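Good morning, everyone. Please look at the screen while I walk you through one model.

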Amino acid sequence: PPHFTLSSPGTPIEPLPLTQDDLKKIAAYKAVDDFVESGMVVGLGTGSTAKHAVDRIGELLQQGILSNIVCIPTSTRTQEQALSLQIPLSDLDSHPVVDLTIDGADEVDPHLNLVKGRGGSLLREKLIECASRKFVVVVDESKLVKYIGGSGLAMPVEVVPFCWKFNARRLEEMFGYAGCRAQLRRKGCVCGNGGDDDAYVTDNGNYIVDLYLEREIGDLKAASEAMMRMSGVVENGMFLDMATAVIVAGSGGITVKDK
Ligand code: 5RP
């Protein structure tokens with residue numbers, strides 16, 4: 001006899017609540033299904049949301065629904081995933097113009113400005129996303145913020161390892177008016193401030209200084225430019241005025257935000 005009983009006919013089945021990962025997958029799949037076309041050069045983002053987009057591209061290629069596409073990964077992690085799915089890969093040297101990049105984000109503000117890089121890949125992401133005709137961002141609703149820095153979580157800045165403490169102090173001073181605290185990112189976590197031995201090292205051999213802000217930093221463009229003028233700063237995690245569209249998956253459904 002079966003070890004289970006079926007509920008009586010007509011009993012409504014309670015839908016399971018969607019997990020955060022389900023929402024990430026829904027947003028990522030929608031981006032691929034709506035935006036990726038055969039023959040395109042596609043940038044592949046990094047992180048737990050972008051990972052689903054890469055899976056979907058692999059699946060559609062396998063099924064022959066997509067063909068003749070070439071992809072440019074934004075990290076060694078994504079490169080490995082794409083290779084495991086037999087997705088054809090290239091780089092910006094060979095394909096300087098990218099039709100479309102799909103990537104996640106850590107924060108999205110009402111103007112579609114972003115914070116990126118909690119996954120550590122901000123430099124390659126910005127390079128490839130700046131070279132993209134379309135940049136489609138995929139997030140679950142937890143990433144929406146009132147202002148950049150508003151989640152209270154890290155705003156990453158990639159710095160050269162040489163004199164990183166000097167640069168961390170300068171960044172802290174630069175945004176002192178916003179209650180900024182700077183921390184070297186450690187391997188495996190976004191926390192702590194100890195020696196250099198366990199520093200997180202990016203794909204480019206650099207360190208990440210995470211900035212924690214208590215208040216709004218105000219003029220984002222000026223702040224980004226000021227950071228980029230500091231020698232030793234390689235890239236910062238503010239992605240301003242770059243997103244073509246943001247696909248947000250939430251408990252109430254999918255919203256597409258664009259300008
Ligand atoms: C990596 C990133 C990621 O896109 C960002 O951290 C979002 O990650 P996740 O989708 O895992 O929440 O910028 O550098």
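Start with a term: two residues are in contact if their C-beta atoms, placed from the backbone, lie within 7 Å. Helices (H or I, at least four residues) and strands (E, at least two) are DSSP runs, numbered from the N terminus.

Residues are numbered from 1 along each chain as its sequence is written. This is a predicted model: local features need pLDDT of at least 70, side-chain atom pairs count only at pLDDT 80 or more, and totals for chains, interfaces and linings use all residues.

How many helices and strands does the protein chain have? There are 6 helices and 13 strands.

Now helix α3, residues 76-84. Its buried residues are T78, Q79 and A82. They sit on the same side of α3, because they cover an arc of only 105° around the axis. That arc is taken from the directions from the helix axis to the C-beta atoms. Buried means 20 or more other C-beta atoms within 10 Å of a residue's own; exposed means 12 or fewer; partly exposed is in between, with C-beta atoms placed from the backbone.

What covers those buried residues? The cover includes β1 (41-44), α2 (50-62) and β2 (70-73). The face turned away from the buried side carries the exposed residues E80, L83 and S84. Just after α3, Q86 takes a positive phi of about 55°.

Zoom out. Of the 259 residues of the protein chain, 41% count as buried. The C-alpha trace spans about 70 × 45 × 40 Å along its principal axes.

Last, confidence. The predictor gives the complex an ipTM of 0.98 and a pTM of 0.92.
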